[in-house]
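Let's take a friendly walk through a protein model. Have a look at the sequence and the structure first, and then we will go through some of its parts together.

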Amino acid sequence: IAVMCASVEGIDIDSLPPEGAAQVLETFLGASAEIVNGLGGRIDASVGERVFAVFGYPRDDAQAVFHGVRAAVQLSRAVQRLGGGFRVSAGVASGQALVGQVRGDPTDATVLGAPLWRAARLADEARDATPLLVDDASLELVRGVVTVGKKKSVRGLGRAWGVSIEE
């Protein structure tokens, strides 16, 4: 599977009225759901200004990593259109994970494992680097269809790569 973790940056609750912050989050979460679902993924969780999306489950997707990267790029563009200096930092990681139903409900599944925490760590690191970072395993799956930028060393993960795609 591939996991995309994305956060909207620049929401300052000290200077932004609550309605403004709510509007940015509503736009971010709405765009996240529309973009991710449109690319065959699903939202696994959203917490505050952060969203986790899974590609390659419940249906196999040979392009799961590319769809995660594409979702991050499209989400970044949607947030930039808001103006106000808001931006998205995102990470995409792939690999094996435990994916299963929660409380026996087939529509309520969750993901546990390394791709989830690696994507979150990459999104954190993307705040200070490029807007989108992928891990080595993911890069190997999309090499040739993405533009590879700078290499970044991420403590606990090794190398990460800034990537972009033209749409």
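In which strand is Ala93 found? Ala93 sits in strand β4, which covers residues 87-94. Helices (H or I, at least four residues) and strands (E, at least two) are DSSP runs, numbered from the N terminus. A word on the background: this is a predicted model, in which local features need pLDDT of at least 70 and side-chain atom pairs count only at pLDDT 80 or more, while totals for chains, interfaces and linings use all residues. Residues are numbered from 1 along each chain as its sequence is written, and side-chain values use heavy atoms, with hydrogens and water left out.

**Around Ala93**

Ala93 counts as buried because its relative accessibility is 0%. Here buried means under 20% relative accessible area, exposed means over 50%, and partly exposed lies in between (1.4 Å probe, protein chains only). Not counting residues up to four places away in sequence, Ala93 touches several residues, including Ile1, Val3, Pro115 and Leu122; a contact means heavy atoms within 4.5 Å. Ala93 and Leu139 are 46 residues apart in sequence, yet their C-alpha atoms are 8.9 Å apart in space.

**Around Arg50**

Strand β3 (residues 50-55) is where Arg50 is found. Arg50 counts as buried because its relative accessibility is 15%. Its side chain makes the polar contacts in the table; such a contact is a pair of N or O atoms within 3.5 Å, and within protein one must be able to donate a hydrogen and the other to accept it, with residues adjacent in sequence counting only if both atoms are side-chain atoms.

| Side chain | Partner side chain | Polar contact |
|---|---|---|
| Arg50 | Ser7 | 3.0 Å |
| Arg50 | Asp124 | 2.4 Å |

**The nonpolar cores**

In soluble globular proteins, nonpolar side chains tend to be buried together. A nonpolar core is a set of buried Ala, Val, Leu, Ile, Met, Phe, Trp, Tyr and Cys residues joined through side-chain atoms within 4.5 Å. The largest one has 32 residues, and Met4, Ala6, Phe28, Phe55 and Leu75 have the most contacts inside it. Helix α2 gives the largest share of this core, ten residues. Another core, of twelve residues, lies apart from it, with Cys5, Ala93, Leu122 and Ala123 among its members.

How many of the 17 residues of α2 are buried? The count is 13, so α2 is mostly covered.
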